[in-house]
Each structure stands twice: as C-alpha cells, then as structure tokens.
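Hello,

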Amino acid sequence: MSPLQVCLLFSSALFCIGLVGALSRSNAILVLLGIELMLNAANLNFIAFWRYSPAPAVGTGVLFVIFSIAVAAAEAAVGLALVIAIYRHQKNIRLQEANRLKG
Amino acid sequence: MKMTLSAQHLWLIPALPLLAAALGALTPRSGRTPAAGAAIGAMVLSFLLSCGALATALAHPAAHATANFTWFAVGDGAVRLGWLLDPLTAFMCVMVSFVSTLIFIFSLGYMKDDANFKQFFCFLSLFAAAMLGILVANSLLLLFVSWELVGLASYLLIGFWFHKPEAAAAAKKAFIVTRIGDLGFLLGILWLYDSTGSLLFYDNGAGVLEPTALGGLAAQTTLCGLALSTAIGLLIFCGAAGKSGQFPLHVWLPDAMEGPTPVSALIHAATMVAAGVFLIARVYPLMAADQLLAGVPVHALTVVAFIGAITALLGALIAVAQNDIKRVLAFSTVSQLGYMMLALGVGSWVAAVFHLLTHAFFKALLFLGAGSVIHAAHHEQDIRKLGGLSQPLRVTFATFAIGMMALAGVPFLFSGFWSKEAILHAAHEWEVSHLPLFAGLAAVVLTAFYMTRLVAETFFGKARSHAAEHVHENSAVMTVPLVLLAVCAIALGFLGTPAFPWLQARLLGETEVHGHSLLDGSGLMLGSIVLVALGLGAGWAVYWRTPRAKDTSPDPLASAAPATIAFLGARMKFDELYAATLGRLNTFLAAFADFLDHWVWGGAVNFLALLGEFSGTVNREADEGGLNAGFDATSEKLRQTGQAYSHAQTGGTHGYLRTVAIGFVVLVLLVMLGGGR
Amino acid sequence: MSPDYTGLFQALRPETSLLFGALVALGLDLSLFRRHTSGERLNLALWIGALAVLAAGAHVWFGPHGPIFGGVLILDPLAVATRLGVLALTLLTLGVATAARTPRNPAEYVAIILFATTGFMLMAAAQQLLLAFLALELASLSLYVLAGFDKTRPESAEAALKYFLFGGMAAAFLLFGFSLIYGLTGSIELLEIARQLTLQGLSPLLVVALVMVLVAFGFKAAAAPFHLWAPDVYEGAPTPSAAFIASASKLAGFTLFARLLWPGLRAAAGNVSTLHGAPGWLPAVAVISAVSLLLGNFAALAQTNVRRLLAYSAIAHAGALLLGVIAAGRSGPAPFFFYAATYGLATVGAFGVLAVVERTGSCQKITDLAGLHRRSPLLAGCLAIFMLSLAGIPPLAGFFGKFTVFAAALQLGGLAGPAGWLAFLAIALSALALYYYLIVLKQALVAPPTANASRIVVPTLARFTLMAAAGLIVLFGVAPSLLLDLF
Amino acid sequence: MNAALAFIAVLTLASAAVAMALRNLIHSALLLIASWFGLAAFYLWAGAEFVAFAQVLVYVGAISMVVLFAVLLTRRSRQDLAVEPASLGRALSALLVGATVAVVLARAIFATPLAVAPTATPTISVRQLGAQLMGPHAAALLVVGVILTVALLGAVVLAATDRADSKENAP
C-alpha cells in the first residue's frame with residue numbers, strides 16, 4: 001500500500017464519516033457540519049495528489065484547496081443563516097420537522 | 001379570364017384564412033360581422049386561388065412543381081421546407097376551400113344565437129388554414145406542423161360548447177387519441193429524416209418520394225425483417241389512422257359529435273378525417289416502395305388494406321344500431337374512411353382520392369342537413385323522437401335524400417356510386433386476398449340499409465315529440481349551401497365514371513383520358529347494384545312501410561317478435577337473420593369495440609402504467625384499479641401511478657440526502673458492472 | 001509568460017457590468033432611497049438591474065471570442081449563446097418580479113439575482129475545473145438565498161434549507177470528483193484532462209469521479225433521482241426565484257456540464273448507440289434520462305399543485321435534455337441548447353402568469369386558475385402558449401426543441417440502440433405530458449371562475465414581459481434559425 | 001514518516017467520528033475543531049504550510065465561531081443543547097449507506113494503479129503561491145471575492161430579524 005493510497009483511504013473515510021453524520025443527525029447544524037467534513041475530505045485529496053504529483057512546484061492542488069476553503073466558509077455562513085431562518089418559524093432546528101413541502 | 005397560380009405563391013392559400021383568424025382574434029367580442037366577414041371573405045379568396053392552382057396543375061399534370069427554401073440548420077444537416085403543386089394538391093385545395101366556404105356560410109345561420117360567435121369563426125379560420133397547410137406542404141415536417149395545428153383547432157372546436165362536460169371530455173379525448181397516432185407519425189418522420197437527411201417530398205431528385213431515396217429505404221431491412229420503408233410507412237400510417245378514425249383508433253370520432261354541427265361537417269366530413277387518407281395518398285410512393293421486394297413478411301399497404309376493410313365493416317355495423325342522427329353519420333364516416341384506406345391499400349390511390357372528394361361533398365351535405373334538422377327541431381337529435389319532417393322541411397329533406405342516395409351508392413346518378421364502384425373494382429383486382437372486397441360488399445348492403453332507416457325515421461311517419469311538431473324550414477343562409485352541395489353530390493360523379501375517368505387520369509398525371517366501356521367488369525357492378533337494392537329494400541321493408549308510432553316503441557329489428565301481414569314471411573326471415581346474425585354480431589361488435597376502447601389501447605397505456613408502478617413502488621397492491629376501464633379510468637390509473645411516485649417525496653430532508661448517496665452507489669455499480677464490457 | 005490581464009478584463013466586461021449594476025442598486029437603495037416605499041425601491045432596483053443586464057448583453061454580443069486568459073475561459077458559440085440566453089431569461093425574471101409580491105429587501109433581491117447571473121455567465125464559459133466549481137458555487141449560493149428570501153413564509157425557509165443541504169451535498173460530491181480527476185490527470189484544465197484521459201482509459205477511480213460529477217449534474221438539472229429538491233423548492237420559493245431557478249439556472253447548468261462531459265471527459269464517454277456499447281458516463285446519463293422521463297411524467301399527472309406540476313414536468317424535460325446532451329457528442333450542442341433555452345422561456349412565462357394571478361390571492365392549486373379566461377384573457381392566452389410549448393405542440397418553439405433533440409438522438413444508431421429507445425420513450429410519454437398540461441389549460445380556459453374571483457389587472461411591465469416570452473416562443477417556433485444561427 | 005501520517009489520520013478520523021456521534025452539540029463542535037486541527041497537521045505533513053494556516057484560520061477561527069453563535073442563537077433553554085438521539089432506523093440506514101459508499105471508494109482506490117514517484121516532501125513558498133494567485137488564477141480570485149460578497153449579503157438578509165417580522169412571528 002503506497003502512502004498515496006493511505007491518504008486516499010484517509011480522505012474516503014472522512015468523506016463517509018461526514019456522509020453518515022449528514023444522513024443521521026436531526027440537528028440541522030450538525031448536518032451542515034457533516035457536509036463540511038465531506039468538503040474537507042475533498043481538500044485532503046487535493047493536497048495528497050499534489051504531494052505525490054510529479055511537478056509539485058506548479059501548486060495547482062494547493063491553490064484549489066485555498067479557494068475551496070474560502071467557498072466552504074461562504075457556504076457555512078449562508079447555511080447557518082438559513083438555519084436561523086428555519087428556527088424563526090419552527091422554534092427549533094430539527095430537520096425532520098421541516099416537512100411542510102412534500103408529495 | 002384564366003387565372004393561374006404557381007407553386008411559389010401557393011402559400012397564399014393557407015395564409016389568407018390564417019390572417020382572417022388573426023384578425024378575428026384581435027377584434028373585440030362584439031365584432032361579430034367583421035370576424036365572420038373576414039373568415040368567409042378569406043375562404044372565398046382561397047377558393048379562387050385554389051381554382052387558379054388547379055388551372056396550373058391541369059396544364060402540366062405530370063409535373064410536381066415545388067418551391068423549396070432552407071428553414072434552419074442543425075449541425076451539418078439543414079431542414080428545408082417548401083410548397084408542392086400537383087393535381088392531388090390542387091383538387092384537394094379546391095374541395096376543402098369550397099366546402100369550407102359553404103360550411104362557414106351555413107354557420108352564420110346555425111351559430112347566430114351563440115355568445116361566442118366571434119371566436120367560433122376565428123377557430124374555423126384557423127382550422128381551415130391548418131388544413132390547407134397540410135395540402136400545400138412539400139415537406140413532411142411542414143405537413144406535421146399543420147397536422148398538429150389541425151388537431152389543436154379541432155380540440156378548440158369540438159370543445160367549443162365547453163359548458164357541456166361531455167363536449168370538454170370529447171375534445172380532450174379526440175386530441176389525445178389522435179395524438180397517440182401522431183406519436184408514431186413523429187417517430188416515422190424522425191426516422192425518415194435520420195435515414196435520408198431530408199423531409200422534402202420532391203426536390204429535383206433528392207426528395208424522399210423520389211426514386212433515389214426510395215430505393216435506399218427499400219433496400220435496408222430493420223426490425224423483424226421489414227424493409228425500412230415499410231417500418232417508416234407503418235409509423236406514418238399510425239398518424240393517418242388516428243386522424244382518420246381507423247380501427248382501432250376510431251373511438252374518438254363518435255364522441256366528437258358533441259361539437260356544433262357545422263364543426264362535425266367540417267371536421268368529420270370534408271377535412272380533418274380526410275387528412276389521413278390524403279397523407280397516405282401523398283406518401284404513396286413510400287408506402288408502395290416495398291411492393292417490389294420478395295421475401296418481405298408484410299407489405300405496408302397490405303396492413304392498410306386490412307385495417308381499412310375492418311374499419312369499413314365495423315363502422316357500418318355499428319351505424320345500424322345508433323339512434324342519434326349525428327352518430328349514425330359519424331359511424332358512416334368511419335365506415336367510408338375505411339373504404340378509402342382499403343382503396344389505398346389495394347393499390348388504387350386515385351380511387352381513394354376520388355371517393356374522398358365525392359364523400360366530402362355528400363357527407364358535408366348530410367351533416368349540414370342534419371344540422372338543419374337539429375336547428376329546426378330545437379336541438380332534438382334522437383331519430384326516435386323526430387319523424388314527419390319531410391313536409392315542413394322540404395328543401396332539407398330533398399337535399400338530405402340526395403346525400404343519402406349518394407352515400408348509399410344508388411346507381412348512375414349519384415357520385416357515391418361511381419367512386420365506391422372504383423374502389424370495389426380495385427379491390428376485386430387485388431391479388432393478395434379477396435377478403436377486403438367481401439368486407440366492402442357487405443358494407444354496401446349495410447350502408448344502404450342504415451341510411452334508409454335514418455331517412456325513414458327522421459322524415460317519415462308522424463312527429464313523435466313536441467320538438468318535432470313545430471318545425472319551420474331554416475333561412476336561405478342555411479338552405480342555399482345545402483342545395484349547392486347537393487348539386488355537387490350529383491355532378492361530381494361524372495368526372496370519374498369508368499367510361500370517362502377524367503379525374504383519375506389527371507391525378508395520375510396523364511393528359512389523355514382512356515375510358516373503358518361500362519360493360520368492362522360489369523359483373524361486379526351489377527352485383528353491387530343488387531346489393532344496394534337489397535339494402536334499400538330491407539330498410540324500406542323494416543322502417544319505411546310501417547313507420548314508428550311513438551318515440552318509445554321498440555325498434556322493429558330489436559324485437560324479435562314476428563309481426564303483421566302480407567310481407568310477413570320475408571320480414572320474419574329478415575328479423576331472424578338480424579337476430580341470428582346481425583343482432584348478435586352487432587352486439588358482439590359493439591362489445592368488441594368497447595373491448596378495444598377499454599382494453600387494447602387502454603391496455604397499452606395501462607401497460608405503461610404498470611411499468612411505472614412496478615418501478616415506482618414495491619409495497620403497492622398490484623390489483624388495485626386493475627385493468628378495469630377505458631379512457632378516463634386509464635387516466636385515473638396513471639394518476640395513481642404518479643401519486644405512488646410522488647409519495648416518494650416524503651418531505652424529509654434526510655431521505656433526500658440519502659437518495660443522493662444511494663444514487664451515487666447505484667450509478668457507480670452500473671458503470672462498473674454494466675455497459676457490456 | 002505574463003498573463004493577459006487585458007484580455008481577461010475584456011472578456012469579463014459582461015460580468016463586470018452585472019456586478020456594477022448590483023452595487024449601484026444596493027448603494028442607491030442604502031443611501032438615497034431608504035425612506036421610499038418598498039414598491040418604489042423595487043422599481044428602481046429592477047430598472048438598474050435591467051439596464052445592467054442589457055449592458056452585459058451588449059458586451060457579450062460585441063465582446064471577444066475564443067479562449068481567454070490561457071484557456072481558463074472559452075468564449076465559443078455555445079458560451080456566447082448561453083450567455084445571451086441567460087441574460088434574456090434574467091431580464092424576464094426581473095419582469096416577473098415586478099408582478100410578484102414585493103420582497104422586504106428589494107435592492108438586495110435584485111442584487112442577488114444579478115450575482116447569480118454573474119455565476120451563470122461564468123458557468124457558460126468556464127473551461128477549467130477550479131473556475132467551473134467557483135462559478136457553480138457563486139450561482140448556487142445566490143439561488144439558496146433567493147429561495148429563502150420570503151421571510152414571512154415558513155415554506156420559503158424550508159425550501160431554501162432543503163435546497164441548500166441538497167446542493168451542499170452535491171457540491172461535496174462534485175469537489176471530491178474533481179479532486180480525483182485532478183489526481184488522475186495532474187491537471188485542472190479541461191483540454192489537458194482530455195489529453196491525459198485518452199492515454200489512460202477508464203480506471204475504477206475515474207468511474208467514481210465521473211459518477212460524482214454526474215451526481216452534481218443531476219442535482220443542477222433536477223434529474224431523477226437527484227430531483228427531490230425541485231418540487232419543494234418550486235412550491236416554497238418566491239415566484240420569481242422559482243422562475244429563475246427553473247430557467248436560467250438550468251440553461252447554464254446544462255452548458256457547464258455538457259462542456260465538462262464532452263470536451264473534457266470525452267475519452268470516458270463510453271457508448272450507447274448499441275446495447276453492448278463501451279462503459280463510461282454515457283450509459284449512466286442514459287439511465288438518469290430514462291428514470292427522469294418516467295418519473296417526471298407520471299408524477300406530474302398526480303399533482304394538484306400547479307407549481308409541483310411544473311416541477312415534475314421540469315424533471316421530465318430534464319430527461320429529454322439529457323438525451324440532447326448524450327447526442328451532443330455527435331450533433332453538437334445546438335439541439336439541447338435550443339431545447340433548454342425555449343424550455344426556459346416557457347417556464348419563466350408560466351411562473352410569470354402564476355405571479356400575476358397571485359396578486360389577487362393564493363395561486364398554488366391548479367383549481368386556483370379556474371376561469372382565468374374570464375378574469376384576464378391575456379393571461380389565459382399566454383398560459384396556453386407556454387403550456388402548449390412545454391407539451392411540444394407545433395409550431396411553438398417547444399416542438400422544435402423536441403424535434404431537434406430527438407432527431408439528434410436517433411442519429412446515434414436509429415431505433416436499434418438505447419439512445420433510440422430513449423427517444424421512443426420520450427416521444428411516447430409526451431402523450432401523457434399533453435394530458436397533464438391540458439388539465440391546467442382546462443382550468444384556465446374552460447372552467448368557470450369561482451364566485452368571489454375578480455378580474456385581474458396585469459401590471460404594464462408584467463404584461464410586457466409575458467407578451468415578450470410568448471412572442472419569442474412563437475417566433476422561435478416559426479423561425480428556429482434565429483437561435484440556431486448563433487452556432 | 002508513514003507513522004506520522006497514520007497517527008494524524010487516526011486522530012482526525014476518530015475525533016470526526018465521535019463528533020458526528022455525540023449527543024451534545026457543543027461537545028460535537030469542540031471535537032470537530034480537533035479534527036480540523038488534525039487536517040491542518042496533515043497539510044503541514046504534506047508540505048502545504050500555507051493551506052494549514054488557512055485551515056486553522058478559516059475553520060478553527062471563523063467557521064467554528066459562526067457555528068457556536070448559531071448554536072447559541074437557536075436554543076431556547078439548556079435542554080436544547082443536548083440534541084436528542086437520531087432515530088435508530090435513520091442512524092442504521094445512514095451507517096449502511098455510508099458503509100456502502102466507503103466500500104465502493106475503497107475498492108476503487110485499491111483497483112486503480114496510481115503511479116507514485118517517491119519524492120521528498122515538496123515545498124511551495126508563499127511567494128510562489130502569490131504569483132500563481134495573481135497570475136493564472138486571477139480570474140478565480142475575482143470570483144471568490146464575489147462569492148464572499150454574496151455570502152455576506154445573503155447571510156445578513158436571511159438572518160437579520162426585521163421588526164415587522166418579529167412582530168408577525170411572536171409566539
């Protein structure tokens with residue numbers, strides 16, 4: 001098993017942990033954080049691939065991660081604002097109670 | 001003054017009514033006179049232009065004059081459209097514009113009390129424009145566009161009295177059933193485009209109906225060993241069958257009688273239903289391209305012939321048992337359209353077009369006559385409640401009788417006789433099978449019989465309801481079109497007698513007329529005359545001699561009880577015959593038609609529903625709503641399937657997110673394992 | 001090699017004018033117009049927005065073409081056409097917003113619409129994974145906010161949260177997929193990726209990456225089974241937002257993903273012209289397309305809510321559009337672009353009608369449209385055009401969208417292969433589609449109005465918008481070359 | 001060196017997994033911060049110092065603060081802090097789906113030959129990054145600026161409590 005494969009398994013595991021969290025938690029904030037973990041796993045991949053790329057001096061992977069961290073911050077801000085908006089109406093942030101819309 | 005019109009300007013013929021429709025749409029609701037005036041004026045102009053086009057076409061009957069232009073380009077292929085002027089187009093244009101003009105004028109009287117008078121003329125113009133568009137198109141795509149517009153306009157017209165729920169339902173049914181046929185048609189168009197790269201009929205050797213393309217299409221084989229041209233031809237025939245009410249897609253036509261009567265005359269006599277026959281006549285070279293091939297399991301035209309024969313017989317049988325004046329005519333239309341398809345199938349498209357033209361006139365005459373009766377009798381349509389109208393409605397009666405004799409095929413004087421004779425003659429010469437001929441001959445008897453019954457019940461005996469007692473002849477605006485149509489119903493036959501087949505020769509592109517002696521094939525003609533006489537006699541015996549006494553008295557055919565005196569024996573015999581064969585057969589066929597309506601094509605849709613249900617939910621009871629009923633139940637069934645689908649939409653966000661992950665896994669497995677690596 | 005900043009700014013002039021418009025709208029609203037009524041503030045913002053969109057359109061039309069800034073962006077015919085289409089749909093959305101209920105922060109609303117449009121413009125032209133991801137996120141974040149903009153209705157917040165979580169999940173999958181593609185090819189430039197993939201062939205990790213991209217594509221296109229957000233968002237979001245999400249977003253999304261898939265991942269496409277084709281993303285797209293067609297059409301039948309009906313019909317249309325993407329490898333992007341653009345027109349128009357009807361009360365149920373022909377003949381007529389175009393009745397534009405897409409799909413191998421079957425399925429199901437569109441039209445054109453229904457006064461701008469949408473649908477139906485000549 | 005990688009991985013994964021399983025929201029948030037630190041350590045290990053700093057700054061510094069604010073804003077009593085356990089069925093199905101995805105990913109990773117050049121830890125200087133940012137990635141930089149603007153504007157609009165709003169929605 002090469003170190004790159006270890007890194008990929010690491011990121012895959014993190015991705016799946018985030019996925020399980022997003023699928024199981026009823027608190028909307030935790031679901032959001034699960035999705036953040038999935039984004040983190042992708043970042044980890046970028047760095048790992050950059051680490052073992054033949055020409056790391058170009059730094060594409062690193063740059064991608066910097067941008068994606070910025071995007072993740074933006075997503076978190078909007079997401080938490082939406083959580084607050086939901087809270088305003090249903091006075092809690094349990095996701096399973098937000099199901100007026102269906103059918 | 002001899003006016004001619006070249007192919008370049010052919011577009012004017014449909015453009016004028018379209019303009020009238022647009023003007024009608026823009027006039028305010030109160031603008032009744034301008035809207036109707038524009039519609040009728042445009043139709044008259046179109047008629048004159050059509051006459052000009054006919055003059056041009058007759059000058060060069062063998063030529064397919066076209067005017068093509070590029071419409072748009074997709075990728076490396078371009079779609080081109082164009083107009084086509086040949087005798088077929090020209091004759092049809094003259095017929096459609098003439099009959100439409102008369103129907104428009106008749107509508108002035110028939111619809112004069114309707115609140116939506118203006119819209120009615122607007123829709124009529126739109127319909128006529130679309131119909132004329134079908135005729136002048138030189139591209140299958142342009143034809144299809146007009147074809148769908150015709151469907152849309154007929155939806156608007158059939159559902160015109162939308163306050164009647166039956167009318168709204170009938171309109172929807174007509175639109176959707178014809179559309180089912182159109183799906184096949186569209187698929188055929190796409191396939192043809194894919195195979196030949198063009199949709200133009202004639203294009204200086206590059207069109208799809210010209211030998212190069214046809215040779216290529218006939219040479220390839222596709223599913224089940226059919227030639228490619230056969231497969232495409234059959235798909236196109238689906239569209240024709242839907243529009244022309246061919247078995248098994250005929251179910252919409254009788255229901256469509258809920259529309260105003262002029263609409264019935266326009267849609268179910270002269271134009272829309274004839275569009276299917278015209279379509280097959282137009283693409284006849286494509287349909288016939290496989291005729292020369294040996295070893296092909298099915299020829300496209302053979303299918304057409306048998307479908308036509310079945311429709312002819314079925315329509316006639318059902319018509320015998322109808323009591324609504326318009327429904328009798330509707331089923332007779334189904335039956336006559338069957339004749340036309342039969343003629344196309346057995347290889348005589350000129351006979352089909354000849355019958356199409358004569359039928360358009362006498363069936364429009366009959367429908368307008370029925371409309372005149374209905375209008376006079378305060379919207380009473382049940383023939384059991386009419387009766388005794390021959391005295392008060394003299395003009396209507398006389399013209400209706402002419403139409404009836406033309407439809408029944410009374411010899412020599414009436415146009416229907418000659419055109420039907422041409423079809424039977426062609427069926428006789430068909431080498432594949434004589435079954436269509438026998439079906440056609442059987443339908444001859446039945447047609448004569450039920451038309452006699454219709455006239456007898458409606459116009460003779462005594463008035464059997466309050467509505468029928470106080471009738472007055474309608475105004476000239478309604479009777480003059482009847483008289484004109486009656487003249488045509490007689491005169492048109494002489495254009496195509498065997499001794500002087502002028503029309504046939506022109507349609508085939510010949511400049512000289514080669515007549516045959518009337519004695520050629522006189523055996524068949526004699527036979528059919530005898531059959532007509534038989535049908536008329538039977539009708540006379542059963543209905544005319546002893547008119548119905550009350551509207552509730554039983555139908556003499558329906559009650560198997562033996563009755564009165566002198567002619568008793570013969571009549572008894574016929575009653576038995578009816579009870580044993582016709583009655584039972586009729587019941588059976590009615591049940592069979594019902595079966596078709598509910599099961600076969602409903603079943604096809606149901607099959608889709610089941611397919612959907614199967615994939616949609618696992619825990620759904622399979623028998624619920626089974627294959628139980630026709631159109632409405634089918635759509636209800638489909639709705640339930642949809643509900644099952646949308647129940648997956650639980651509103652729970654976790655479920656949604658889980659679906660993303662599961663979808664991911666499934667797709668990965670699909671790509672890794674599937675794909676036929 | 002020094003980067004060509006001038007070229008970049010030349011190419012980004014449309015985006016710059018949109019952003020400038022957004023900032024001006026915000027600034028004027030915050031400084032000079034604080035005290036005015038929200039209706040006046042909305043009008044001001046909308047006019048500024050419309051001017052910005054028009055300016056951007058002019059810049060697109062007269063701007064540069066070809067690869068920009070070392071190939072990060074590509075302004076080919078597809079990009080230009082999509083940009084123009086997106087701008088037109090944005091303009092119509094702004095028109096719809098004049099008729100809808102005035103939002104509480106009108107300038108912010110318009111500004112975010114312009115930000116989202118900026119995202120769409122970049123999506124149309126991105127030729128590099130990083131820029132594609134950022135453009136997608138810019139557009140998505142703006143749309144989440146737009147969906148949740150109506151703070152008085154809990155449905156709006158719920159729709160936005162669902163949309164956000166679903167979209168966030170899709171974005172995570174997309175980013176993971178991008179990271180794998182970067183790892184396998186060592187590049188994020190589409191052309192370089194394509195070059196590398198032709199050398200490598202299909203590896204299991206690449207399959208994972210492909211499917212992750214498809215998940216995000218399915219989300220953006222609202223294709224089954226990644227469609228679940230769509231009905232809820234269409235129902236809950238404010239009407240102009242829903243119109244925007246259904247139209248411009250879809251057009252830009254299809255362009256972006258078609259570009260990712262065809263030039264970028266062409267080597268991994270596989271084959272669907274015969275049943276035993278090569279594996280790749282094409283079979284997966286074909287499956288998504290078939291599922292969308294079936295599910296969308298059937299579920300639409302069961303709807304009583306007109307917005308959900310539009311949503312399920314959108315899913316069905318996504319299925320047909322995916323067929324166009326499948327065919328784009330051979331026939332080019334023109335067919336699916338035409339389909340997506342005309343579909344967007346009809347959808348914006350339909351939502352516009354709903355927005356106007358909503359002024360007199362709720363408009364959620366199909367029966368809320370009853371008697372529309374009496375209440376406003378103009379609305380009923382426009383709705384009929386939109387619905388019939390969606391149903392694909394010629395000569396409206398929707399028919400030619402279908403025609404070109406199906407014709408392109410059949411070119412892949414006739415009726416014998418899965419692509420042909422899909423075309424057949426799509427054609428067969430369009431009879432069903434006609435049925436549910438007629439259910440809506442029956443209410444609007446035939447049913448009598450309810451007792452307390454009053455006449456609807458259509459505001460001038462909304463009237464203009466609806467007539468423009470309807471007119472364009474008829475125009476593109478009669479003369480499709482107007483759109484197709486962009487290619 | 002691989003030992004360091006394994007240590008970081010185990011630490012990060014364990015804290016993430018426990019964070020996703022804990023019932024108390026505040027505890028979860030704290031453990032997530034730990035896991036983000038783990039990721040920063042990984043970036044350091046891989047030689048991407050700048051990314052590690054960005055990770056700490058943005059995630060540990062900013063996002064965790066926003067999360068804590070959101071947690072505090074959306075609770076009405078102390079009991080709300082303890083998140084009720086997810087329903088068992090949902091947790092099991094989530095685990096099942098997660099495990100399946102994990103199996104798919106792992107199989108793909110093992111089945112794909114990945115050419116790896118055994119190299120020393122690369123370095124990339126901030127100056128190099130800056131040149132890249134301002135050079136080939138200038139367009140992306142502009143777009144990120146717009147994204148952050150939208151997020152700020154959107155978050156403010158969505159989260160701000162209008163006076164009329166609070167009146168309408170007062171319980």
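How many salt bridges does the rule find across the interface of chain A and chain B? The count there is zero. Please keep in mind that this is a predicted model.

First, the interface. Polar contact across the interface of chain A and chain B comes to one residue pair, with both residues at pLDDT 80 or more. On the side of chain A that touches chain B, helix α1 (residues 3-24) of chain A gives the most, with four residues. Sorted by class, this side of chain A has seven nonpolar, five polar and two charged residues. In terms of contact, 14 residues of chain A meet eleven residues of chain B. The size of an interface is often given as the accessible area lost when the parts come together. Between chain A and chain B, about 860 Å² is buried, and 65% of that is on carbon and sulfur atoms.

Second, one residue of chain B. B:S198 sits in the loop between α6 (165-196) and α7 (211-219) of chain B. Is B:S198 buried or exposed? B:S198 counts as buried because its relative accessibility is 14%, and the cut-off for buried is under 20%. A polar atom of the B:S198 side chain lies 3.1 Å from the backbone nitrogen of B:L200. If neighbours within four places in sequence are left aside, the residues in contact with B:S198 are B:L192, B:Y193, B:A206 and B:V208.

Regards

Key: Residues are numbered from 1 along each chain as its sequence is written. Chains are lettered from A and ligands numbered from 1 in the order in which they are written. This is a predicted model: local features need pLDDT of at least 70, side-chain atom pairs count only at pLDDT 80 or more; totals for chains, interfaces and linings use all residues. Side-chain values use heavy atoms; hydrogens and water are left out. Contact means heavy atoms within 4.5 Å. Buried area is the accessible area (1.4 Å probe) that two parts lose on being put together, summed over both. A salt bridge is a side-chain nitrogen of Lys or Arg within 4 Å of a carboxyl oxygen of Asp or Glu. A polar contact is a pair of N or O atoms within 3.5 Å; within protein, one must be able to donate a hydrogen and the other to accept it, and residues adjacent in sequence count only if both atoms are side-chain atoms. Helices (H or I, at least four residues) and strands (E, at least two) are DSSP runs, numbered from the N terminus. Ala, Val, Leu, Ile, Met, Phe, Trp, Tyr, Cys and Pro count as nonpolar, Asp, Glu, Lys and Arg as charged, and the others, Gly among them, as polar. Buried means under 20% relative accessible area, exposed over 50%, partly exposed in between (1.4 Å probe, protein chains only).
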